[in-house]
Amino acid sequence: PRYQELGQVAPDRSEPDVQYRIKQGVNKRREQTKQFKLTNLQDKVALENVISAAYRQVFERDIEPYVVKAEFTNLESKLGNGEITVKEFIEGLGCSDLYIKEFYTPYPNTKVIELGTKHFLGRAPLNQKEIQKYNQLLATRGVRAFVKALVNSMEYVQEFGEDVVPYRRYPTLPAANFPNTESLYNKLTKQDDELVVPSFEPTRAKMDNSKLPLASQANGQSGAGKVANYLELARSMNTLEAAQETATVARIFRYSPQASAAKTQAVINAIYAQILDVPQDNVPETFRLQTWEETLLAGNGTVRDFVKALTKSDVYQQRFVSPYPDPKVIECLYRHLLGRSASGIEVHQMTTLLAEQGLNAVVDYLVDGAEYNRFFGDMVVPYAKENNR
């Protein structure tokens, strides 16, 4: 009786009381989708709010101070100094040992993909094709490459840009995908047997098992033996040899003065792709250095000279020098010219050289250095040497 008495609706209710009852039981994350954007590095309170929002988005909770001191202090310092953007900070959190331990190791790849799209794109996987795409990436290149693919995707750039912390976007997605996303957020993506309405059609078997007896008779095998062969062919062979066969290997482009015009043009496009971060098969005409291209096509010059000229060009400076602070410029130069990341000592040394003597001095130092000579020489286009596994 007491419960019934408390549950009775009074004839006269105030507006605050009505709103309070409406909001009862509603998850706080559903009330508002708040965006955190880093606009001023001098505002330390806003900076701390952005960092805390990033931890909550990626790790689904506030990170304890002792964990921050142990693993993420360096990232926070770089973000506060303007050496990295919020997007790069999010990428660093996703590639950390803590993220791999909590959201990769305990789960199969399909659940890792659901978690990754939730944390870095603010939504559930769109369809089966997207799951297959990222599943192949996880199997061949590892979880860090998967995180980098999400954070550097065109969708991430369009939705969040460089300075916005990812947030849940499910209200803006098509209605067909709403049940998946809402269920993921309500249950915090814990794996269970609940049936969720899919936004894609389930796949069907490509092999008609009803024809197995006829096939077995034609090949002189028993039905059981034929079924075993088919099952063996259908298995996913997660062996080291299989992973090595499917792993992406950097292609090496070597220039030869005696090569055909088509092969020389492929080398030229590879230079643009490595130095300017553009698609090799779609280099904008405004980026091209026509004089240097004609020199290589005529059988003169070297790849080393072309690389130097392109890195010192106005196009490179507009894309990778003017928009960024000096430490970020050095990181870009090491990635483009030497195919690897720069260490902390190298960043410090080259930042000093850049401030004192300018971009051309840093480019000459790297391209004429021993490491460049050892790996690329005069005729090889620089390529990424680091393993993304």
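A: Start with contacts. Glu 76 touches Ile 51, Tyr 55, Val 68 and Phe 89, leaving aside residues up to four places away in sequence. Keep in mind that this is a predicted model.

Q: Where is Glu 76 placed?

A: Glu 76 sits in helix α5, which covers residues 65-81.

Q: How many helices and strands does the chain have?

A: The chain has 23 helices and zero strands.

Q: What share of the chain counts as buried?

A: Of the 389 residues, 40% count as buried.

Q: What part of the contacts joins residues at least 24 apart?

A: Take the contacts between residues at least 6 apart in sequence. Of these, 64% join residues at least 24 apart.

Q: Which residues of α18 are buried?

A: Begin with the count. Helix α18 spans residues 303-311, and eight of its nine residues are buried, so the helix is mostly covered. The buried ones are Val 303, Arg 304, Phe 306, Val 307, Lys 308, Ala 309, Leu 310 and Thr 311.

Q: What do the buried residues of α18 pack against?

A: Their partners are α16 (261-276), α17 (290-297), α19 (314-321), α20 (326-338), α22 (359-367) and α23 (370-375).

Q: What describes two packed helices?

A: Two values do: the angle between the axes and the distance between the axes. Apply that to α16 and α18. Their axes come within 11 Å and cross at roughly 40°. That angle makes α16 oblique to α18.

Q: What is the handedness of the crossing where α16 passes α18?

A: The crossing is right-handed.

Q: Which residues of α16 and α18 meet?

A: From α16 come Val 267, Ile 268, Ile 271, Tyr 272, Ile 275 and Leu 276. From α18 come Val 303, Phe 306, Val 307, Leu 310 and Thr 311. By class, the contact of α16 with α18 holds 10 nonpolar residues, one polar and no charged.

Q: Let me try another pair. How do the axes of α8 and α10 cross?

A: Helix α8 covers residues 109-121 and helix α10 covers residues 143-151. Their axes come within 10 Å and cross at roughly 40°. Roughly parallel would need an angle under 35 degrees. Here α8 is oblique to α10. The crossing of α8 and α10 is right-handed.

Q: Which residues make the contact between α8 and α10?

A: On α8 they are Val 112, Ile 113, Gly 116, Thr 117, Phe 120 and Leu 121. On α10 they are Phe 146, Val 147, Leu 150 and Val 151. The contact of α8 with α10 divides into eight nonpolar, two polar and no charged residues.

Q: Now loops. Where does Asp 163 lie?

A: Asp 163 is in the loop between α11 (154-159) and α12 (178-186). Its relative accessible area is 29%, so Asp 163 is partly exposed.

Q: What does Asp 163 touch?

A: Set aside residues up to four places away in sequence. Asp 163 then touches Phe 36, Lys 37, Leu 38, Thr 85 and Val 86. Asp 163 and Lys 87 are 76 residues apart along the chain, while their C-alpha atoms are separated by 6.3 Å.

Q: What should I note about the phi of Glu 60?

A: Phi of Glu 60 is positive, about 65°, although Glu 60 is not a glycine. Glu 60 is in the loop between α4 (44-59) and α5. With a relative accessible area of 24%, Glu 60 is partly exposed.

Q: What is phi of Asp 277?

A: Phi of Asp 277 is near 55°, again a positive value in a residue other than glycine. Asp 277 is in the loop between α16 and α17. At 37% relative accessibility, Asp 277 counts as partly exposed.

Q: Last topic: cysteines. How many disulfides does a search of the whole structure find?

A: The search finds zero disulfides. A pair would need sulfur atoms within 2.5 Å. Cys 95 is buried at 14% relative accessibility. Cys 332 is buried at 2%.

How values were computed: Residues numbered from 1 in each chain as written. Predicted model: local features only at pLDDT ≥ 70, side-chain atom pairs only at ≥ 80, totals over all residues. Heavy atoms only, no water. Buried < 20%, exposed > 50% of the residue type's maximum accessible area, 1.4 Å probe, protein only. Helix = DSSP H or I, 4+ residues; strand = E, 2+ residues; numbered from the N terminus. Contact = heavy atoms within 4.5 Å. Axes fitted to C-alpha atoms, helices over the stretch in contact; angles between N-to-C directions. Parallel < 35°, antiparallel > 145°, perpendicular 65-115°, else oblique. Left-handed = near helix turned anticlockwise from the far one by under 90°. Nonpolar A, V, L, I, M, F, W, Y, C, P; charged D, E, K, R; others polar.
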